[in-house]
Amino acid sequence: MKTLEELHAHYKAVRQRLDNPVVKKPTLKLVEHLEPIAIPEPEPVPPPAPLPPPPVSATTPARAILNEVAAKYELSVADIRGACRKSKFVRARQEAAYRLSVELKFSLSQVGRVIGNKDHTTALHAIRQHKKILVEGYKPKTRKSCVSSAHVTQVEPQAQEHHV
């Protein structure tokens with residue numbers, strides 16, 4: 001059996017190996033007998049051929065619908081895709097949204113993107129409004145005055161009674 005001093009010395013040696021491990025560093029050997037190799041210059045790469053522009057007459061079905069609606073309302077496609085909220089622009093935008101949805105089966109997100117990067121709920125509202133116009137016919141909004149005609153007829157007889 002080992003004595004207490006031997007155990008203590010063994011423990012101390014193990015602890016030192018664990019705390020300070022010996023790391024062997026790799027050594028590089030210089031090789032002097034090799035001659036330098038000549039690397040040939042790479043051949044220049046020719047530039048890629050430019051792509052031909054897309055044909056001018058090619059239009060997508062969505063663009064065709066926008067062009068038709070723009071011509072019908074005497075607007076430009078940019079007007080339809082714009083943010084103007086005047087009735088003329090809004091009705092054109094609603095018809096375009098409806099036709100894109102029905103004729104091309106576009107999703108609401110796709111319709112919104114085509115009619116000017118609008119939200120899908122805006123596209124849904126536009127489609128519903130145009131359906132309503134198709135069913136009921138277009139009814140332009142009229143401005144309501146502060147005083148309705150019913151109130152005016154009631155006021156006039158009272159006014160006459162006080163002055164007579």
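Guide: Start at Leu100, which sits in helix H4. This is a predicted model, so treat every value here as computed from it. Leu100 counts as buried because its relative accessibility is 0%, and buried means under 20%. Setting aside neighbours within four places in sequence, Leu100 is in contact with Ala62, Ile65, Lys105, Phe106, Val111, Val114 and Ile115. Gln110 is 10 residues from Leu100 in sequence, and their C-alpha atoms are 8.8 Å apart.

An α-helix has 3.6 residues a turn, so residues three or four places apart point the same way.

Now the dimensions of H2. It covers residues 61-73, which is 13 residues. From first C-alpha to last, H2 reaches 19 Å, close to the 18 Å expected at 1.5 Å a residue. Glu74 follows H2 and has a positive phi, near 55°.

Next, the charges. Side chains of opposite charge can pair when their charged atoms come close. The count of salt bridges comes to 5. Take Lys72 on H2. Lys72 forms a salt bridge with Glu95, with the closest N and O atoms 3.1 Å apart. This pair links distant parts of the chain: Lys72 is in helix H2, Glu95 is in helix H4, and 23 residues separate them. Glu95 is buried, with a relative accessible area of 7%, whereas Lys72 counts as exposed at 56% relative accessibility.

Stay on H4 and move to Arg99. Its side chain meets that of Glu103 in a salt bridge, at 2.9 Å from N to O. Arg99 and Glu103 are 4 residues apart in helix H4, so about one helical turn separates them. Arg99 counts as buried at 16% relative accessibility. Glu103 counts as partly exposed at 45%. Salt bridges that share partners join Glu68, Arg99 and Glu103 into one network.

Arg93 is another charged residue to check on H4, which spans residues 87-103. Arg93 is buried yet has no salt bridge. The nearest side chain of opposite charge belongs to Asp79, 7.9 Å away. What does the side chain of Arg93 reach? It reaches the backbone oxygen of Gly82, at 3.1 Å. Not counting residues up to four places away in sequence, Arg93 touches Asp79, Ile80, Gly82, Ala83, Cys84, Ile115 and Lys118.

For contrast, look at helix H1, residues 4-19. Of its 16 residues, the number buried is 0, so H1 lies largely in the open. The end C-alpha atoms of H1 are 22 Å apart, which agrees with the 22 Å its 16 residues should span at 1.5 Å a residue. Arg15 pairs with Asp19, the closest N and O atoms being 3.4 Å apart. Both lie in H1, 4 residues apart, about one turn of the helix. Arg15 counts as partly exposed at 37% relative accessibility. Asp19 also counts as partly exposed, at 47%.

Finally, step back to the whole protein. There are 7 helices and 0 strands. From the N terminus on, the elements run α-α-α-α-α-α-α. Of the 164 residues, 17% count as buried. Among contacts with a separation of 6 or more, residues 24 or more positions apart account for 47%. The Lys72 and Glu95 pair, from helices H2 and H4, links distant parts of the chain.

Conventions
Residues are numbered from 1 along each chain as its sequence is written. This is a predicted model: local features need pLDDT of at least 70, side-chain atom pairs count only at pLDDT 80 or more; totals for chains, interfaces and linings use all residues. Side-chain values use heavy atoms; hydrogens and water are left out. Helices (H or I, at least four residues) and strands (E, at least two) are DSSP runs, numbered from the N terminus. Buried means under 20% relative accessible area, exposed over 50%, partly exposed in between (1.4 Å probe, protein chains only). Lys and Arg count as positive and Asp and Glu as negative; His and the chain ends are not counted. A salt bridge is a side-chain nitrogen of Lys or Arg within 4 Å of a carboxyl oxygen of Asp or Glu. A polar contact is a pair of N or O atoms within 3.5 Å; within protein, one must be able to donate a hydrogen and the other to accept it, and residues adjacent in sequence count only if both atoms are side-chain atoms. Contact means heavy atoms within 4.5 Å. The expected span of a helix is 1.5 Å times one less than its number of residues.
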